[in-house]
Amino acid sequence: MIIAALVPGLPAAAAILLVIFGRRLSEKCAWISVAALAGSLAAAVYMLVAAFRGGGEEPFVHATFEWMRIGGVNIDFGLYVDGLSAAVLVMVAAVACMVFVYAIGYMHGDERFPVFFAVFSLFTACMFGVVTSSNLLQLMVFWEVMGVCSFLLIGYYYERPDARKAAFKAFITTRIGDMGFLLAVAAMLGKFGTLDIPTLMKHIEEVAPEMQAFLWLMCALLFIGAVAKSAQFPAYIWLPDAMAGPTPVSGLLHSATMVAAGVFLVLRTFPMFEAAHFLPMIAGAGIFTAVYGASLALTETDIKRTLAYSTMSQLGYMMAALGCGGYVAAVFHLITHGFFKSLLFLSAGSVIHGAHTQDIREMQGVGKTMPITAACFLVGSLALAGIPPLAGFFSKDAVLASMLGYAGKAPVQGSIILIVGLMTAVLTAFYMFRVYFGVFTGPGKKYHESPKMMLVPMIVLASITAVAGAINLPGVTLSLAGLLEPGVLEQAVPWLMALSAGAAGAGLYIAWESTHLRAALHGTGPLPRNLQVLYGGIFLRPVFRVSRFLREMHMDQIITGIVVSPVVWLCELAAKLNPDVLYTAVFVNGVGRIAGALAVVDVRVVDGAVNGIGRAGLGIARAVGFVDARGVDGAVNGVADGTIAFGGVLKRLQTGVTANYALFMIVLGVAAFYVAWWLVR
Amino acid sequence: MKGTPVLTMLLLVPLAASVVVLLLPASQAKIIKWFTVAATALALGVSVAIATAFPVGSAGMQLLESVPWVPAVGMAYKVGVDGLSLPLVLLTTLLCFLSALYTLRLEKQVKVFCFLLLLLQIGMIGVFLALDAVLFYVFWELVLVPMFFMIGIWGGENRRYASVKFFIYTLIGSVVMLLGLLLLYFWGPRTFDMQAIIAWGQAGKFTLEQQYWIFGALFLGFAVKVPIFPFHTWLPDAHVEAPTVGSVLLAGVLLKMGGYGLLRVSLGALPQAFIDFSPYLAALGVIGIVYGAAVALTQKDLKKMVAYSSVSHMGFVVLGIAAANAAGVDGAAMQMFTHGIITGMLFFLVGMIYERYHTKEIAKLRGVITAVPALGVIFTFACFASLGLPGLAGFVGEFTSLMGGLQTFPVTTAFAVIGIVLTAAYFLRTMQSVVFAPPEEDSARYDGPKTMAWTELAAVLPLAVIALTIGVFPAPFFNLVDPVAQALAKIVGR
């Protein structure tokens, strides 16, 4: 248990240490974070080994402590580590370690260096927290604090308006999704009286038949949270803008953490989605996002944004796999994607570091002078494209196999999903190699290869990417599938493997053919005649046309517009609908006059009383000052009109203000007393 | 401690101190200020002592003291404390102490200000301790006077309008409330003993018609105080004009008197009327949440924005009360406490920003993080606490209220999340431009020291620590409130 606590604990402690000692240590302080993460990684590996030994049947750690008790309902916090969390933890820790080392090189010379590493460490700690939480409420705490850290990291260059805007957009978009999460958690706590994940899942599986509608609603709400965090359509709009953050941030946020948290939430609560028969919704949303993201990536000219769209597309893949019941496939792809996407981001960062631009049209022949970066980017691209034998090939094949499995159950939907999935595979290889060939091959300027501090982590990640497919070889017991679903052996589908490799190859070939033609690379200009004859008419041109159409539609702006404009309009309307206006209308002509009339009466009634009370305290001048007509005249407020009348009384009474106040209370108190008396009578 | 009249002591400390302040010559400003700090510290100490000795887990009134006052009509000096009022008493003494610390910075008419601060403290503590309806009303009114003068004398440009509006609004509210209290007496057990009245009400001895009348009258008084939409319009004006300490106590403590009254008197003594009215109360709460946040989003004045955020946050209190199940009441109590802590902190911070830049206009405030880094960091923290970030105190109250609301009024409650999103939007927008964005040409300038004064840090850091502590570990608070919450929920059968 202590070992499990170390995983999030170490980077959190590092964050605190950095806040305290950061300034004194200057750039050396980053090694505290790296050491902490290395510790986390060791702990995670230890737990993974232990989880394998346990055969994956029982959770390795499930320890809870009383956190709070609301209305007789206990909420515990604690740690929960099973095969799923152990596997994801190892991946996150490994990627984070590498990204942090890379960041030491990348952020060198930054004036807020220690602050960056402090927030970055806290961010990573939160991701570990999400993965190890035993309780949904606790998970949400880490989830949201991670959101805040991402807000601070995306907006790290806060002098730049676009960075501030991107940070705002990311936080608000995910916050909207979090409302679904929040409602689901609050409602389920009230209904089931527990938020302990394993207990809750067991309970839900028991009661599922009686409360389908409620569960379906809960799943929908949870899924909204996951959609926003994992940048699924239509909540993807924050993801491309989030590239305004420093590249190491993108490398961690959009590969192994943050966006992975959404998928992880669905994985964690998977039994519930199954029981509520909610999976087809996830499959549909996921596959649409997958193909949509890939289409957008096809004509994007910013290298980081291309990768962002690719992330969105791959997350859609994972969701689609989950929706098709491919639990293991989704975890598998989540893990391999974490590795190769962080590799791609880090390589892209290295290119940006050398070329001082993010626009792929301005980068040419980078490979000549930055060979290591080019090689790493190539490995990442091959993996993402799904070329065997790299990691991406195996995980993508597993995803496709789960779609095939779904097609066996629901032929129509399943076949559509499978076909779109294969199409996306072609597109993926296409857009990735369009970037690779365009940026790295051919003649070009002289660039400087990045420092070792950046290259070493990239090489390590590239090596992992090359072999990570081995963690889930079909037919092997000691694999991810053996860990997650013991007893169920994955069966290889040779023809599907061939098809998926073929799709990747086709994409790669198209990219190769079209790359000499810069026009196609930019997604602008006509295609040359021979290509058009070949496949332009059948495949390429419509694809480009669709991609360009989608990009020019500016869907993100439409979505933002649909959400933002009416909200702004309503807020302004609400601000205008000040109830004061209504009160004025009622009181100016009504109460104001009555009060004035009363005031005249009061003079006579209370005069004697005042003399009795005595002329205590301050002079009238000050009292009058407060209720002076001039002080109120700006506001056409009826209530105040009444006051002026009362003020007149005060003026005439010539007594201390305290006494007047007492008088007010007595008079009104007596009035209240009479009304009460009258009512009681 | 048994037998010692600690609650009376708690009231006597500020009372005696206020007399001493009156006797001290106005020229000795420094002595007066430090004396006030010492007195409020003593009151805080007494309240903390009460809290540590409090039997956690009991739902009943503790430390009861009763002295006949006008026995002929059943009036008595009767005070007591339970799990519901204790946190509010603690909040009051804490915020008064921090306000006294912050007042060390004050130079204008120190003597009167300190006197009013102590007077205000008596009234606020008294309201939460009183168990006699007349005593309750006296303390309730006692609170108005110092606040009226605080706004009227130390306020901003438009202070006269604001103070008069505050005065009229709350006076009308409280007089109608008095009517309700009197009806409780006449229709009830003919005593002002609130425990007797509540017992009478729970025995079902008020007819339904009587309950409606009384509920309506009391509701108006409480609703103005909370404030519940649409009786909130005095609040933004009062806040904008009030001096920093006035705003802190106004938002931090005064608003809670309304929520406390609703729970103690309306729910306690008039269960049937409460049940019948609760759907509307929940709706008003949710409207307040969304409306307050929506209007806050359009504000150009920093202080007005925080004021409207109060309207929004107090909506969660109303929602929790309306839900009237254990979770709802827990949430309302928690939200009252945490709103006092967080919004108190925000008003202190706004005051500090104003002192430096001499403007509260959001569009002109830029780059606090580079001008005064500590202020920028604490302000960012306060914004996140206020927008309900899980892990900080604001979230706990909101979540628990929502949980309670979802059980009783699922559909109405669900709309509240719109307010939460809007809240995030206006706080982030403000934080980004005020704290982070670099100064522009027409931005207000500040070239003073880059550090905060110790009085400033002393005023906000304790609040920040509490906001974090409760956010991470709210159990002690819930242990205190939950028994009372369950007892209250039982009254209305939820």
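Tutor: Let's begin with a word we need: two residues are in contact if their C-beta atoms, placed from the backbone, lie within 7 Å. Keep in mind too that this is a predicted model. With that rule, the contact takes 57 residues from chain A and 57 residues from chain B.

Let's stay with chain B for a moment. On its side that touches chain A, the elements giving two or more residues are α5 (133-154), α6 (159-187), α11, α13 (326-357), α16 (393-408), α18 (416-436) and α20 (475-491) of chain B. The most comes from α6(B), with 14 residues. Sorted by kind, the residues on this side of chain B are 41 nonpolar, ten polar and six charged.

Now pick out one pair of helices that meet across the two chains. Two packed helices are described by the angle between their axes and the distance between the axes. Here, helix α25 (residues 555-576) of chain A meets helix α11 (residues 271-297) of chain B, their axes coming within 8 Å and crossing at roughly 100°. Angles of 65 to 115 degrees count as roughly perpendicular, and α25(A) and α11(B) are therefore roughly perpendicular to each other. On the α25(A) side, the contact is made by A:L570, A:C571, A:A574 and A:A575. Their partners on α11(B) are B:Y291, B:A294, B:V295 and B:L297. Of the residues in this contact, eight are nonpolar, with no polar and no charged ones.

For comparison, here is a pair of helices inside chain A. Helix α6 (residues 161-192) and helix α8 (residues 212-229) of chain A have axes that come within 7 Å and cross at roughly 150°. That makes α6(A) roughly antiparallel to α8(A), and the crossing is left-handed. Among the residues making this contact are A:T173, A:I176, A:G177 and A:F181 of α6(A), and A:M218, A:L221 and A:K229 of α8(A). The residues of the contact of α6(A) with α8(A) divide into twelve nonpolar, five polar and two charged.

Chain B also has strands to look at. Strand β1 (residues 62-70) and strand β2 (residues 75-81) of chain B pair in the antiparallel sense over six bridges, with B:E65 opposite B:V79 in β2(B). The two strands form a hairpin with four residues between them, and B:G74 in the turn has a positive phi of about 70°.

Technical notes. Residues are numbered from 1 along each chain as its sequence is written. Chains are lettered from A and ligands numbered from 1 in the order in which they are written. This is a predicted model: local features need pLDDT of at least 70, side-chain atom pairs count only at pLDDT 80 or more; totals for chains, interfaces and linings use all residues. Axes are lines fitted to C-alpha atoms, for helices over the stretch in contact, and angles run from 0 to 180 degrees between N-to-C directions. Angles under 35 degrees count as roughly parallel, over 145 as roughly antiparallel, 65 to 115 as roughly perpendicular and the rest as oblique. Ala, Val, Leu, Ile, Met, Phe, Trp, Tyr, Cys and Pro count as nonpolar, Asp, Glu, Lys and Arg as charged, and the others, Gly among them, as polar. Two strands pair if DSSP finds at least two bridges between them. A crossing is left-handed if the near helix is turned anticlockwise from the far one by less than a right angle, and right-handed if clockwise.
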